[in-house]
Amino acid sequence: MPVALFTFHAYGSWMPDRRQGYVERGGGIQATSQRLAEKRRSLMTQPPMVFGAGVQRRLVDRFVSICQEEGYRPHAAASDPTHLHLLVSWTDHDKPVKRIGSRIKNLLALHLSRASGQIGRKWFSKGASRRQVQDRRHFQHLVTRYLPSHRGVFWSEAAGFR
């Protein structure tokens, strides 16, 4: 059964001027760059998105219902104002990880657009991080340590919301 951790960033978050650096797709963590941050901000077509506590809760609730509707299994979810992590598995080994993540992300964005009346709003940055869970130890680490360490909403299939 494939298991993956998806990370979706809020639109306009994690800019290159972050003190901790920023993530470059395919290039990992990069050093802070004020000049690049200014350039990217000038290209933005909407204000940056911040996931408040209510939005975080709605995202996780909808994630769980999407999994039920699509035949996936939600294991855990964690969020903060800049991003959302979703730990999910599915039984169809032929479905690519990228397709599963894209489907979930699109349905989450559609839900937020409808719920807020902001049709066309950019909720998430382009792309996503998709990490295959390697083994039971990795899975346990994600569920018991990494995901609960986030400062926003945390949900697990074993305990619900904390």
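Guide: The largest nonpolar core has 32 residues, and F63, I104 and L108 are those with the most contacts inside it. A nonpolar core is a set of buried Ala, Val, Leu, Ile, Met, Phe, Trp, Tyr and Cys residues joined through side-chain atoms within 4.5 Å, where buried means under 20% relative accessible area, exposed means over 50%, and partly exposed lies in between (1.4 Å probe, protein chains only). The elements that give two or more residues to this core are β1, α2, β5 and α3, and α2 provides the largest share, seven residues. These labels refer to DSSP runs numbered from the N terminus, with helices (H or I) of at least four residues and strands (E) of at least two. This is a predicted model, numbered from 1 along each chain as its sequence is written, in which local features need pLDDT of at least 70 and side-chain atom pairs count only at pLDDT 80 or more. Totals for chains, interfaces and linings use all residues, while side-chain values use heavy atoms, leaving out hydrogens and water.

Another core, of 11 residues, lies apart from the largest one, and L87, L142, V143 and F154 are among its members.

I104 and L108 bring us to helix α3, because both are among its buried residues, a list that also includes V97, I100, G101, K105, L107, L112 and S113. What covers these buried residues includes β1, α2 (53-70), β5 (83-89) and β6 (129-132). The helix runs over residues 97-116, and at 1.5 Å a residue its 20 residues should span 28 Å, which agrees with the 29 Å between its end C-alpha atoms; the expected span is 1.5 Å times one less than the number of residues. After α3 comes G117, whose phi is positive, near 75°.

Strand β1 (residues 3-9) holds T7, which is buried at a relative accessible area of 6%. T7 touches H83, L84, H85, A128 and S129, again not counting residues up to four places away. Its side chain also makes a polar contact of 2.7 Å with that of H85, that is, a pair of N or O atoms within 3.5 Å, of which, within protein, one must be able to donate a hydrogen and the other to accept it, while residues adjacent in sequence count only if both atoms are side-chain atoms.

D80 lies in strand β4 and R151 in the loop between α4 (136-146) and β7, so the pair ties together parts that are 71 residues apart in sequence. D80 is buried at 7%, whereas R151 is exposed at 63%. Another salt bridge joins R73 and E157, with 3.1 Å between the closest N and O atoms. R73 belongs to β4 (residues 73-80) and E157 to the loop between β7 (154-156) and β8 (160-161), so parts 84 residues apart in sequence are tied together.

Key
Contact means heavy atoms within 4.5 Å. A salt bridge is a side-chain nitrogen of Lys or Arg within 4 Å of a carboxyl oxygen of Asp or Glu.
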